[in-house]
Amino acid sequence: MGKTEKYDHMKLIREYAGGHKNLITLGRCLAAVSAVLTLIPFYELWKIIRTAVNGEDPGKISVYAWIAVALIVGALLVYIAALFCTHIAAFRVQANMRSSLMRRIITLPLGVFDEDGTGKIRRIVNDSTAATETYIAHSLADKTVALVTPIGLLVLVFAFNWKIGLITMIPAVIGFLCMMSMMGKGMQEKMKQYQDALETMSSEATEYVRGIPVVKTFGQTVHSFKRFKACIDGYGKWTTDYTLKLRFPMMGFMTCINAIFAFIVLAAFVFTKNGTSSADILNIMYYIIVTPLVTVALTKIAYSGEAEMNLIDALKRVDQIMEIEPLKEQNTGKKPADHGIELKNVSYRYKGAARDAVSNVSLSIKAGEHVALVGPSGSGKTTLAELLVRFFDVTEGEILIGGVNVKELPSGDLMEQVSFVFQDSRLIKKSILENVRMAKPEASEEEVLSALEKAQCMDIIEKLPNGIHTVIGEKGTYLSGGEQQRITIARAVLKDAPILILDEATAFADPDNETKVQAAFEELSKNKTLIMIAHRLSTVVNADRIFVMEDGKCTEFGSHNELMDQNGLYKRMFEEYTRSIEWKVGA
Ligand code: ADP
Ligand code: MG
């Protein structure tokens, strides 16, 4: 925790700014010049008051006034120039941050992009970089002004009458101390909690909106979304605590900085007790005009402190992504000898999980063999399949494809070996043609059509207004889950990789779709090594071998008949499955 104080945000910003870092310095210098220029007119004002009080030549007043106006206009122009510099630098920093983030994200293991992960990454790429941009563009210049102004004011205040100056400083210093107490290192932690709370609330809200159909159809209330409610309550409590904690320092700050007037009146009283001189009146009038500036300057410092805490939080979030270990790529030049797969004592544990999701699994699949992975939900089937394509790297053991460790294959080569049809493969908002072509960008329209045909998709295409050029999700052209699944199978057909992994790919299919999907799979898996994860056991009966997963371990394997003879988990699952089918038929 002690580290938070040393966080050198300016160094990081300058790194991101690259060649534009001098613009940041220039912007800050200009802002400082502008702050000084803004203060000088107050000296002119003092001269105007002196002229008036001493009854000197009134003609001088307009000269002073014009000088003051010129200086203010000058200060404004310089300030605009300062903002111009900081804005250019800020845009550059934001662009550089986003591109380094994107460059990093591309190298990350695919497992980072599960549903939670993508939302978080999107927020960081958009929001945290935007917060940094705002800080550099606006807050940096303001902060410089906020720092220079009090120093200039001090000089002004003390130059005219140090005794009155000293008295007006008392409330300013107390106010400043109150402000500092609001911004200690505890506050940085608070700021993080605040941003975290906002983050969870926003992702829970998304979850809630997604769940509305369930809530409505099952007649539930908001309270069924316990997590959503809990995080709103938590956020409410947090805000209340935070506000209460700041109540006294904030009261102190506001009271002090607004009390400077009262102190001047006091000073006036003390210093004019023994008769007034025109010099005293001059100074007191002057102070009454100048001291509100102290208030404004202190308030600005307070706000710039808050902006800085926001910035540090944003930068740390960006760091979180930059610190994720990229997938290590090796190019050993090794080529898989065939399309067989071998797992040797493979274990994998998700970060922060208490136990292995896949635990000491050894199995080998011959090239061209068709195998099935079955087992209760949560037994590690998806994780095992994802390890094959390096969504994550195994915690222990090794995975070989054609005798080569997957870590020694460049990811491009690995991806060429394997097609993966996910349980919830989604189509993107593009035409069917483009969606299928993602698997092989150089494919001709004929190739795509033939892939769609093999994947039994022609009935879908025929009912669409523009055939394969129809954009999905536009003008009411939505496809059912089963239909989308068939299109994603066409992708795999087009890719034509020698190893095919199907993860519960029939899960969405209605009976009509299912026969088509099955036919598509048969076509697709000819002469290929096939790993099929299925919960409808009817689809696995014909597999060459079936592996049964239980709590991350592979507990049984063999053909359907062998497993039925073993009288273990598979047999129980199969009997239950058959009963459920009979029950459906009976009903
Ligand atoms: P299956 O596909 O057999 O249903 P999974 O491979 O999806 O099982 O999950 C295996 C175990 O790993 C489960 O206990 C699950 O809760 C856990 N798990 C899955 N995905 C993640 C994840 N992204 N982070 C942490 N734990 C996970
Ligand atoms: Mg699964």
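**Strand pairing, sheet order and helix packing**

Strands β1 and β4 (residues 396–401) pair up antiparallel, with five bridges between them. Within β4, the residue standing opposite L343 is I399. Strand β1, which covers residues 341–348, also has β2 (residues 358–365) as an antiparallel partner, again through five bridges. There, I341 finds its bridge partner in I365 of β2. All of this is read from a predicted model.

Next comes a six-stranded sheet. This sheet is open, its pairing is mixed, and its strands come in the order β6-β7-β8-β3-β9-β10. At the edges are β6 (418–421) and β10 (553–558), each of which pairs on one side only. On average, and ignoring direction, neighbouring strands in this sheet are turned by 15° against each other. One of the pairings in the order is that of β3 (residues 370–374) with β8 (residues 529–533), a parallel pair joined by four bridges. In this pair, L373 of the chain faces I533 in β8.

Helix α11, residues 381–388, lies across β3, β6, β7 (499–503), β8 and β9 (545–550), and runs at about 150° to β8. Helix α16 (residues 481–495) packs on the sheet as well, where it touches β6 and β7. The direction of α16 makes about 180° with that of β6.

Then there is the pairing of helices α6 and α10. Two packed helices are described by the angle between their axes and the distance between the axes. For α6 (residues 162–182) and α10 (residues 278–322), the angle is about 15° and the axes are 11 Å apart. Since angles under 35 degrees count as roughly parallel, α6 and α10 are therefore roughly parallel to each other. The crossing of α6 past α10 is right-handed. On the α6 side, the contact is made by I164, G165, T168, A172, F176 and M179. From α10 come N283, I284, Y287, T291, V294, L298, I301 and A302. What is the make-up of the contact of α6 with α10 by class? Ten of the residues are nonpolar and four are polar, while none is charged.

Key
Residues are numbered from 1 along each chain as its sequence is written. Chains are lettered from A and ligands numbered from 1 in the order in which they are written. This is a predicted model: local features need pLDDT of at least 70, side-chain atom pairs count only at pLDDT 80 or more; totals for chains, interfaces and linings use all residues. Side-chain values use heavy atoms; hydrogens and water are left out. Axes are lines fitted to C-alpha atoms, for helices over the stretch in contact, and angles run from 0 to 180 degrees between N-to-C directions. Helices (H or I, at least four residues) and strands (E, at least two) are DSSP runs, numbered from the N terminus. Angles under 35 degrees count as roughly parallel, over 145 as roughly antiparallel, 65 to 115 as roughly perpendicular and the rest as oblique. A crossing is left-handed if the near helix is turned anticlockwise from the far one by less than a right angle, and right-handed if clockwise. Contact means heavy atoms within 4.5 Å. Ala, Val, Leu, Ile, Met, Phe, Trp, Tyr, Cys and Pro count as nonpolar, Asp, Glu, Lys and Arg as charged, and the others, Gly among them, as polar. Two strands pair if DSSP finds at least two bridges between them.
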